[in-house]
Amino acid sequence: MPTLEHSDNANLVLSDAVQQSRSRRHEFVTPEHILAAFLRQEAFAEAVRYLNPDGLERLRKDVDAFLASMECVPGKGNYELTPSAQTDELMTIAYNQVLSSSAQQLDVPHLVKALLSLDESQARYMLEKAVDGEVEELMTEVIGQYEDANAAMAEGGEGEPRHEEAWRTQVVCLNDTVANHNPLIGREAELERTIQVLCRKDKNNPLHVGEAGVGKTALVYGLAARIVAGDVPERLQGSRIYQLDLGTLLAGTQFRGDFEKRIKSIMDGVRREGNAIIYIDEIHNLVGAGRTGEGSMDASNMLKPYLEAGDIRFIGSTTYEELNRYLSRSKGIVRRFQQIDIDEPSVEETVKIIQGLQKKYEEFHHVEYPAEVIEYAVAASAKYVNDRFLPDKAIDLIDEAGAYRELHPAEDGSRMVDKALISDILAKVCKVDAMAMKDDDNAALETLYERVGASIYGQDEAVRQVVEAVQMSKAGLLDDDKPLASLLFVGPTGVGKTEVARVLAREMGIALVRFDMSEYTEKHTVAKLIGSPAGYVGYEDGGLLTDAIRKTPNCVLLLDEIEKAHSDIYNILLQVMDYARLTDNKGRKADFRNVVLIMTSNAGAQYASQASVGFGARVPAGEAMMRQVKRTFKPEFINRLSATVVFNDMDRTMAGMILDKKLRELQGRLDNRHVVMTLSDAAREWLLEKGFTREYGARELDRVIAHDLKPMLMREILFGHLKDGGAVTVDVKDSKLMIS
């Protein structure tokens, strides 16, 4: 076989084929290896793609599957690699083509023509199948592509695909897809500002910055819709908006230069088209995209020349957090954009937005949304969904309610979405009691005082203040940006401060979240509530208090024995009581607007008993405690409380009622063992005498029952006459309890 000069591309194909055969440990270099090498050259791939875009991917899969099925050489050592008989035949045909023509060197088109001339070749069969048998058209395209590639390389550039339309496969034209998206409602000021920036001569690139869900992408689709309708200035007439997806561009870029080539291909194609706009969502991803190591360029650096030139206009969108964290580091990119802030719309604006979208969702779900339901859904989502933004969270609520009603029509067969359905869905999403959201159902709230008072004895005034604070909030007479109530419970131990919080949570049907503040006596432990600072142990864990409220945003939050915590706790609670917000160590906000905040304290309790000692006028115990409370807590802390609730000392009547309650609870446990307990008056009086002390409150009653009554019952249930249940009478004999 004569020796001929090979083109650079032909040498790359042959060396690549050898390398692929060796890496797969095949004994021979076959035409299929050469076909696989063809496919790794952009000019050949573009020729196949032009004839059949789907065929290119199918061909790659077929070739890879065929090579994977070939037999491998066993072992790990070196071995001699030789061309197969068909490869020898292919090279002979290619050489003869060059000798019989005026070509100066062997090039890839000669190898392709030779491969298509092989008889009974799997490579020929797969290639012909990929181009639907259009062999002549394929050769024309291959020759043209490599001529263009060789010409570009001769001029010092890189080979480019011959067809300008190739770049369009890497982008999405928003002008063609506006019909599939929700129309833009409102946002006139932001849209006009965007159009104004696009019409500038220099730095004509708008950058939309706003929180997730406020409508940044919808704004760009709104611009595309106005361009399609011709409702834009002359300078933007006929413009097309192309969305650049960095994830799609990075996919499949195995070799250095592939990503840069795709970017350049798109930018040059857009520049040739003229009057085009590139939209880059999540534009902060430009920083670092495509970088392969220190000193290499990323996507932001590759786009700088196009941004500077001004003939291609760019629209970017990102959030404030990502702008500060990533994009602000690339000052060269930021200064080429004009920032446009996209604020969260108000409740009124969101209602108008959803009214504009209402017909689309009604037609899609085959349901109806009454006007008052739209308003209720927006207001409820604004109030109860705290970690997302309007209008996105309101649209999601409307959409999900429509989907539910479509699948579950009402009992009368109607497909009307009502307030009750919105409340039920919101209750599942936000862990909010659905009853709490129904404005027209206040029966449970009306009897709240009686139900709480039935379990709390002798603290009527304290219960009244707590219930009134909750009812006042429900009536809408308190500030919306404050917790439902911020209450300080003051009183001696064992009089029911913690119990009120438990009963209130149970009767309101919400969770009780309790923190024992004696665990936060040290300065550094207080930081755990909002999270440790950066660089300290526990930074990644987040804040205990903020995380608890994010998980359970509708709850009774009990901070037990607040005076035992370090004084720094009061600084944290100030903003909770004033603005119902608390920011953790990572900048995430916890919303306390649906929280009943209760703090208990024994401050001043020891002075209550001394209030009337001496020859002066009697000072009420509550007043004596309040004097000490004002010394313990800062004025700005006390000033932010909804109420300071003073609990009475335990008296004998109160102790008797509490004893009866605890005996009823004990009987409830005995019922499970089929035991009926009867307590004589003497036994009840004995327990009351032993268990009542002003100093220790109701907790002494618990100790007496646990120490004197329960052990006798336990012995009879386990080893005595009550093994199978029965009746038991508790009486007093010789100053001791006895049972019969």
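Analyst: Start with Phe44. Leaving aside residues up to four places away in sequence, Phe44 touches Leu35, Phe38, Leu39, Val112, Leu127, Val142 and Tyr146. Contact here means heavy atoms within 4.5 Å.

This is a predicted model: local features need pLDDT of at least 70, side-chain atom pairs count only at pLDDT 80 or more, and totals for chains, interfaces and linings use all residues. Residues are numbered from 1 along each chain as its sequence is written, and side-chain values use heavy atoms, without hydrogens or water.

Now widen the view. The largest nonpolar core has 47 residues, and Leu35, Phe38, Phe44 and Leu111 touch the most other members. Such a core is a set of buried Ala, Val, Leu, Ile, Met, Phe, Trp, Tyr and Cys residues joined through side-chain atoms within 4.5 Å. Buried means under 20% relative accessible area, with a 1.4 Å probe and protein chains only.

Which helices build this core? At least two residues each come from H1 (8-23), H2 (31-39), H3 (42-51), H4 (53-69), H5 (85-99), H6 (108-115), H7 (122-130) and H8 (135-154). Helices are DSSP runs of H or I, at least four residues long, numbered from the N terminus. H2 gives the most, with 6 residues.

In soluble globular proteins, nonpolar side chains tend to be buried together.

How values were computed. Buried means under 20% relative accessible area, exposed over 50%, partly exposed in between (1.4 Å probe, protein chains only).
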